[in-house]
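Here are my notes from going through this model, point by point. Have a look at the structure first, then read on.

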Amino acid sequence: MSSALNSSSTSSDQNNNSAFNSTESTTINVDPSEVEKFNNLASEWWSNTGAFATLHEINPLRLNWIEENVKRGYQNAANKSAANKTAEQGLAGKKVLDVGCGGGILSESMARRGADVTGIDLGTENLKAAALHAEQSQLENTLRYQHIPVEELAKTHAGQFDVVTCMEMLEHVPDPSSIVQACYELLAPGGVCVLSTINRNPKSYLFAIVGAEYVLRLLDRGTHDYAKFITPAELDKMALNTGFVRQDIIGLHYNPLTKRYWLAQNVDVNYMIAVQKPLV
């Protein structure tokens, strides 16, 4: 399937999008227990009341924020050079990689906005659920999935994507900095990367674990490990060390009484950051 990511194999790509390919790797940047945890929930990815109901609820917010930052990033690039990807199109026409795509909730929504999307994940059952739903949604021509570590993909497809997203994944891997580095390598100059994760502090423990997993039961117990949470300063340092330029940061908030999600500047718990790969 890695060849399907090349522009020279478009016709083959369109004929095989409904499935996904598996690439064996010796990479150690994976926690098998984390992969198994989400594989066991694969049947619930597209249930609005299942284990991933929260992701369905927040997806419009994060999708719009991603697109806003893609427009902003490409406008910045256009101001510095003759960019071949116009800012006003947002995700439309962009080649997008969704790292840790799970069952494809975000991947599908970006494809519906006109992006050409590749989703990668290490959970085979997740990818089966994603590929099946993409086929049912008739998105085979603009959406495909692959079972491959992002570091492996970066070795063969460096600089081939306009946008890279990595959402709710960094807090589940042993070495998040390696993921950030691979995202940088996969982006074309001027490309935009959006990352999301959970801050590490007493408030995030109370809200993301005690509240979300035990009290409100928005997530299954054991979904998160507090020790793997990442502060904005730590993630910012990872991004800057790879060569990214800061673009924006935002927090995601939830009111359990009104059951409303919204974005705000406070990044104490869940947050997203957008960074850009310099043109030179």
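**Notes on the model**

1. Let me start with a side chain over a ring: the charged end of Lys94 sits over the ring of Tyr74, 5.0 Å from its centre. For this label, NZ of Lys or CZ of Arg has to be within 6 Å of the ring centre and within 35 degrees of the ring normal. Lys203 does likewise over the face of Phe207, at 5.6 Å from the ring centre.

2. Some housekeeping before going further. This is a predicted model, in which local features need pLDDT of at least 70 and side-chain atom pairs count only at pLDDT 80 or more, while totals for chains, interfaces and linings use all residues. Residues are numbered from 1 along each chain as its sequence is written, and side-chain values use heavy atoms, with hydrogens and water left out.

3. The largest nonpolar core has 31 residues, and Val99, Val164, Ile179 and Leu235 have the most contacts inside it. A core here is a set of buried Ala, Val, Leu, Ile, Met, Phe, Trp, Tyr and Cys residues joined through side-chain atoms within 4.5 Å. Buried means under 20% relative accessible area, exposed means over 50%, and partly exposed is in between (1.4 Å probe, protein chains only).

4. Which elements supply at least two residues each of this core? They are strand S2 (95-99), helix H6 (150-156), strand S5 (161-166), helix H7 (176-186), strand S6 (187-198), helix H9 (232-242) and strand S9 (270-276). H7 gives the most, with six residues. The element names follow DSSP runs numbered from the N terminus: helices are H or I with at least four residues, strands E with at least two.

5. Leaving out residues up to four places away in sequence, Val164 touches Leu97, Val99, Cys183, Leu186, Leu187, Val192, Cys193 and Val194; contact means heavy atoms within 4.5 Å. Apart from this core lies another, of 28 residues, with Leu63, Cys101, Ala115 and Met167 among them.

6. Eight of the 11 residues of H7 are buried, so the helix is largely enclosed by the rest of the structure. The buried ones are Pro176, Ser178, Ile179, Val180, Ala182, Cys183, Tyr184 and Leu186. They pack against S2, H6, S5, S6 and H9.

7. What about the cysteines? A search of the whole structure finds zero disulfides, a disulfide being a pair of cysteine sulfur atoms within 2.5 Å. For Cys166, the nearest cysteine sulfur is that of Cys183, 5.1 Å away. The sulfur of Cys183, in turn, is 4.5 Å from the closest cysteine sulfur, in Cys193, which is too far for a bond. Cys166 counts as buried at 0% relative accessibility, and Cys183 is buried at 0% too.

8. Next, the loop between helix H8 (202-215) and H9, where Thr231 is found. Thr231 counts as buried, at 16% relative accessibility, and touches Asn199, Arg200 and Tyr271, not counting residues up to four places away in sequence. His224 lies in the loop between H8 and H9 as well. Is His224 buried or exposed? It is buried, with a relative accessible area of 15%. The C-alpha atoms of His224 and Ile198, 26 residues apart along the chain, are separated by 9.5 Å.

9. Last, the rings. A search of the whole structure finds five aromatic pairs. Rings of Phe, Tyr and Trp (its six-membered ring) pair if their centres lie within 6.5 Å; planes under 30 degrees apart count as stacked, over 60 as edge-to-face and the rest as tilted. Trp45 and Phe52 are stacked, 3.6 Å centre to centre with 0° between the planes, and both are buried. Tyr226 and Phe229 form an edge-to-face pair, at 5.6 Å and 70°. Tyr226 is partly exposed at 28%, whereas Phe229 is buried at 2%. Tyr205, Tyr226 and Phe229 form one aromatic cluster.
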